[in-house]
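Please read the points below alongside the model.

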Amino acid sequence: MDVMDMVPQIPVTILTGFLGAGKTTLLNRILREDHGHKIAVIENEFGEEDVDSTLLVQTDKEQIVQMSNGCICCTIRGDLSRVLTNLRHRRDKGEIAFDRVIIETTGVANPGPVAQTFFMDDAVAAFYRLDGVVTVVDAKHGNDTLDKELEAQAQVGFADRIFLTKTDLVTPEETKAIRARLRAMNPRAPIKEAHMGEVAISDVLDIEGFNLNTVLDIDPEFLTDTGHHHHHGDEIGSFVFTSYTAFDPFRLERFWGTITQVYGPDLLRYKGVLYLEGTDHKMITQGVHMLVAADLGPKWAADEKPMSKIVFIGRNLPEQAIITGLETCLVDAP
């Protein structure tokens, strides 16, 4: 029997956001709330001193783990694997108790390498599953940060949920403008306002952002505004491919391999429902950079018109070239 069948996987949430956006406020809110979860927190802050450790709420329900070895985005794979493995061993021995993990990244980190750990490290993947990436954005300083910091753009691109903080410090028009910008960068992540970390625990935990069989959510307003992905000249943008014509599976596999090899480092998140020739089932696929996963989904419903819908979120992606390439993989393509 495979080890994956014997050991229930522990859900992991990545909490990210640029410096001062309000990550720790949100985290403390979660840790204070009487929600019945036992949470292990892996927290890292850029610099020699763990400034945030004095702000984290420690109770008998949570185990707070500090990593003090520098910037998380530089050394994360080895260190995160070691910490997660150590946590699991201590849990197995009964020394600590937790049923989920929250990783708070440093404010200047790209969450991509953190997410990849759960796909690339077999020891980690056997016991932990990535549930989702939650990104906090400061409404007052967010536009300026996104203009200047590519890591902040990447944090938005990877998000499964976005929380907008400090909206009380800006006008309704400014809030509307930054929401439009965030939606253009990532149309599949719901955007909610969070005042002083006041958010529903269900909006942070168990969101199944990396579950292949969850619904492909795309903001409908994004689909009606074809110019959004060029907003502000952000390096991180998004676009959607749709087609009611079936894909040729062999052509699509070759093309998919090509674009992940060529554009992998710039492909932050991509997820889609595929209509393939030769099967009456949906094919669900998603990826992070060059790592792609696919699974056979349910059958197309009798009253459902089969179609493919794929959202791409990445850095300076050649939208038209990718769309044209996908069109050449359709069964009626010459």
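The numbered points follow, starting with the basis of the values.

1. This is a predicted model, in which local features need pLDDT of at least 70, side-chain atom pairs count only at pLDDT 80 or more, and totals for chains, interfaces and linings use all residues. Residues are numbered from 1 along each chain as its sequence is written, and side-chain values use heavy atoms, with hydrogens and water left out.

2. Helix H10 (residues 249–263) packs against helix H11 (residues 319–327) at about 155°, the axes being 9 Å apart. Helices are DSSP runs of H or I with at least four residues, strands are E runs of at least two, and both are numbered from the N terminus. Axes are lines fitted to C-alpha atoms, for helices over the stretch in contact, with angles from 0 to 180 degrees between N-to-C directions. H10 and H11 are therefore roughly antiparallel (over 145 degrees).

3. On the H10 side, Leu-252, Phe-255 and Trp-256 meet Ile-322, Gly-325 and Leu-326 of H11 (contact: heavy atoms within 4.5 Å).

4. Helix H4 (residues 112–120) has seven of its nine residues buried (under 20% relative accessible area, 1.4 Å probe, protein chains only). Among the buried residues of H4 are Pro-113, Gln-116 and Phe-118.

5. Strand E12 (residues 308–315) is also mostly covered, with seven of its eight residues buried. E12 runs antiparallel to strand E8 (residues 236–243), joined by eight bridges, and Thr-242 stands opposite Lys-309 of E12. Strand E9 (residues 267–274) is joined to E12 by six bridges, again antiparallel; here Lys-271 stands opposite Val-311 of E12.

Definitions and conventions: Parallel < 35°, antiparallel > 145°, perpendicular 65-115°, else oblique. Buried < 20%, exposed > 50% of the residue type's maximum accessible area, 1.4 Å probe, protein only. Pairing = 2+ DSSP bridges.
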